[in-house]
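Dear colleague,

I would be grateful if you could read the two side by side.

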Amino acid sequence: MTKSEKPTIFRAERLPLKVTLLVFSGSSIMCVASAVDPLRAANRIAGETLFDFRLVSVTGEAPVTTCGLPVAVSGRFDAAEPTDVLVVVAGFGTQNYATSALLSGLRRAARTARACGGVEAGTWLVARAGLLEGRSATTHWEDMEDFSSAFPGVDVRPDRYVIDGPVFTSGGASPTFDLMLHLIRTRLGMAVALDVASVFIYDQARAATDAQPLVSLGRLDGYDPRLAQAIRLMEAHVDQPLTIEAVAKRAGVTARTLESIFRKSIGETPGAYYLRLRLGAARRLVVDTRVAMADIAGRTGFSSAAAFSRAFSRAFGEAPVKLRRGW
């Protein structure tokens, strides 16, 4: 980062981040969802609005995605409206939107925002606004050659997503999900990112007949494969928890090594993560079902309903009975 550049948004920071998503007709509904839903899930998991996002369009009317579904927006794009992050989401027909007024607006918004970026064909608009000149970027693989020819001053890479200082780009829906998980992980930690991935059962490629995992590791970079093995063991034994020593032995490491792996990758001990995993499963049963509390306690490895209630209250700030009543 040069002295003139703003501090990256991809860093440990728990301050709310205001995110504006400028969506164009012709976008993929999957790209829109991949940009928005991980942030929504992170807010729910954190229990507070750490990503204050809003969707807008150039005209203020709902843009129509490629599948024919319109996207509800809160209003018209206003370059003077303060925001921390501007995300341009576009698809087919992007060339029709590159007016001088729009490009000027993108430049103006980028000057005051902490970061800006393009999703899929949104990269073209960001580039036409001059915001990628001298930087690395990516776009959808079908457009890679044309994009390179159109913007010789951009270092075009075939990566899933690229972050270069305050500017980021992604090649499509799945890479955008990866990018948002990366943003969540760097800002809020690996544990929250794992929880977000799990909401969407976002994982390595699996057969349709495989059991849905409680914890989806996704394509989160930097985790030790032994971490994945340990988490898989934990989720398979939610109702009858293994000791950490037993988990470590089955994962082929010592308990001390496993603790080191967890602290380095997730920032907490294996025991703390295992308890949080069980309580997360319990919370879903409390909120989404009418299963009796004693049965929930048994299903999530607690010796009694009282022990379950105490642990639940410590973790979530209120008793499970009270949470169910108010949900």
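Which residues are linked in a network of salt bridges? They are Arg-11, Glu-13, Arg-114 and Arg-187. A salt bridge here is a side-chain nitrogen of Lys or Arg within 4 Å of a carboxyl oxygen of Asp or Glu.

This is a predicted model, in which local features need pLDDT of at least 70 and side-chain atom pairs count only at pLDDT 80 or more, while totals for chains, interfaces and linings use all residues. Residues are numbered from 1 along each chain as its sequence is written, and side-chain values use heavy atoms, with hydrogens and water left out.

By the salt-bridge rule, the count comes to 14. One of these joins the side chains of Arg-114 and Glu-13, at 3.1 Å from N to O. Because Arg-114 lies in the loop between helix H2 (100-112) and strand S4 (115-120), and Glu-13 in the segment before strand S1 (17-23), the pair ties together parts that are 101 residues apart in sequence. Helices (H or I, at least four residues) and strands (E, at least two) are DSSP runs, numbered from the N terminus.

A further salt bridge joins Arg-276 and Asp-195, at 2.7 Å from N to O. Arg-276 lies in helix H10 (residues 270-288) and Asp-195 in helix H6 (residues 190-199), so this pair ties together parts that are 81 residues apart in sequence. Arg-276 also forms a salt bridge with Glu-268, at 3.0 Å from N to O.

As to accessibility, buried means under 20% relative accessible area, exposed over 50%, and partly exposed in between (1.4 Å probe, protein chains only). Glu-13 is buried at 13%, as is Glu-268 at 17%. Arg-276 is partly exposed at 29%, and Asp-195 is partly exposed at 24%.

With kind regards
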